[in-house]
Each structure stands twice: as C-alpha cells, then as structure tokens.
Amino acid sequence: MNFSEAKSEMMQLLGRVDPSELPRLINWIQGSDEIDELLSDNRRTLLKSIADDLRARLPPDAMFPSETTVHSKMQRLGHPTHHVDSFLYDEDQVDSLCEAGTLSRSFCLNCGSCRTAPLDFISHSFSISELQFIFQKVLPDLNGCVLVDVGSRLGAVLYGGYVFSSASQLIGLEISEEFVKLQKDIVEKYQLTDRIKVLHTDVCLQQALLHNTDVLIMNNVFEFFMEPAEQASAWSFIMQNFRKRGSLLVTVPGLHESLRTLQVVLQPGWVEELPVDSEVYLDRHTDPDSLTQIHLYRVL
C-alpha cells in the first residue's frame, strides 16, 4: 500500500469514527508510544543503548570541565541557556529531569518572585530522529562513500551513519582528548570498528582527508568552541580543501548564517544548496523545527 492508498483508507476510517471520539483518537495517534513501537527497529534500539551508556559516563549537561571556551561563551549569551544533549535526552527524559529537580525549563526574573521566563536549550549533538532523517531522507545511498564528521564529540553522527547508512568509512575529527577516548570506548564496546574511525585532530590538519571526503557533516561545529578569528580560518580552510566535485555537505545552521557573523564570504561557485523536505514523521519526539535547520549542499 502506497502513501495515497494509505491516506485514503485512513480518511475513510476516520469518517466512521463517532465525532465525539475523534479528538481522542487523533490525540492518541499524535502521542502514542504504541505508534512509536510500530515504527521502532533494532537500529534505533542500538542507538538508544549507546545513549544510555554515554549518559552513565557523563555529567547531566554532557560537558567536561575542560571545555572552558564553551562554558565561557554560554555565560556570555544574552539569555540564560542550558546545554541538553539531544542524542542523550529526548523530551520524555528532559521532563523526568525537570520533575526530579535536576533540570529546569525556566529561570526567575526577580529572585524570590513568581516571575519566570523560559530557558533556552541548546545541543551539540543530533537527536536519534534527526540522525535518521539525515541518513534516510536527506542524503542519498552512501554505499562506498567516505563520511567525515567535523567535531564528532560524543560520536552520534558516526553511530547514526553506521546503523542508518551503508557508508564504507565514517571518520570523526575531534580535538578534545576526553571525547576521543569516550568515542573509541563506545566504538570498541559495540563492535563498530570495521567502519568507524575517530581521529584526535583539528580539521585544519586534514587537508588530504578533505580532498577524498564524499560527505562532510558540520553541526554547530565552531561557534561555541572557537573564537571568531579561528572560526573564520577554519571555514576558509574547508572551502579551499573540500572540493571533490559532487561531494555533499550537511550543516546546521546554514552556511550563510554561519559565515555572516564572521564576515567571511562564501566562495562563489563552491557549493549549491539542495532542497530538503522536512515534512516527515519519524516519531513523536521529532521536532519539526529542528529538521528545518538542517541544510544540504553539493560541491560544484
């Protein structure tokens, strides 16, 4: 049964439901764990197991004390912001943390009063749903391709690429020795070493690798981890060396947004942006707005 046929049958079914029960049925469809179980598979189960393992090894904010630049930049933001890693915590888990008092969704405008405002949450990782979207809906078949994740951090992109794609090599570049060790431990524990490799290095030292990369993924990779001058230099290096014709670049946010604040000019004729259809349902934890932040480019 294709989509049109399924839609037609669904409309016929809804037409036979007692009108007074229809809102209840629609609410069940939108938030049902049973629907998610129908869509679940062993690949998502493996990723959830890895996320469980990582949560046990990390503090609640999934940040190490050594990340001084990140901590400093978050403190300088104009609005109070918490880091909640999307690979480790879905909405239900965030709710549980809030109920337990470990996390809050709001802050007090006047200490001691009831005047509160919502906190901003940011994540340096893709959620499991976002990873599934990237590898199954955004990117084509990656059989025989080399994929590089710049700033691989927890390794979420590598694990997602392993289960959701046929990429022959998944390479993470990470400058933090602590995160490199964390990723290597997970890769070995879950026996992913046949296709995943994690390098303790700066992308600006990987000229030869970029020349041979088929897919480059960059998720908020520089903003919180480098000063503006360093970010501008890194982007210039990537534009000069990621030049393999037809290669694909996935970024969050889009290139124009990333480069605008750095006063770096996007090299003319380097890439073209390709359309991304974000109108998909993966599970009830999928944030439609987060999918619209994912951009796809092809090297010309």
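Buried means under 20% relative accessible area, exposed over 50%, and partly exposed in between (1.4 Å probe, protein chains only). The model is predicted: local features need pLDDT of at least 70, side-chain atom pairs count only at pLDDT 80 or more, and totals for chains, interfaces and linings use all residues. Residues are numbered from 1 along each chain as its sequence is written, and side-chain values use heavy atoms, with hydrogens and water left out.

**Gln 206**
- Gln 206 lies in the loop between strand E7 (196-200) and helix H10 (207-211); helices (H or I, at least four residues) and strands (E, at least two) are DSSP runs, numbered from the N terminus.
- With a relative accessible area of 17%, Gln 206 is buried.
- Beyond its neighbours within four places in sequence, Gln 206 is in contact with Leu 173, Leu 199, Thr 201 and Phe 237 (heavy atoms within 4.5 Å).

**Helix H11**
- H11 (residues 228-241) has 14 residues.
- Its buried residues include Trp 235, Phe 237 and Ile 238.

**Aromatic rings**
- The count comes to 1 aromatic pair, where ring centres of Phe, Tyr and Trp (its six-membered ring) must lie within 6.5 Å, and planes under 30 degrees apart count as stacked, over 60 as edge-to-face and the rest as tilted.
- Phe 87 and Tyr 159 form this tilted pair, 6.2 Å centre to centre with 40° between the planes.
- The two residues are 72 residues apart, Tyr 159 being in helix H8 (residues 156-164).
- Phe 87 is buried at 2% relative accessible area, and Tyr 159 is buried at 1%.

Terms used
The expected span of a helix is 1.5 Å times one less than its number of residues.
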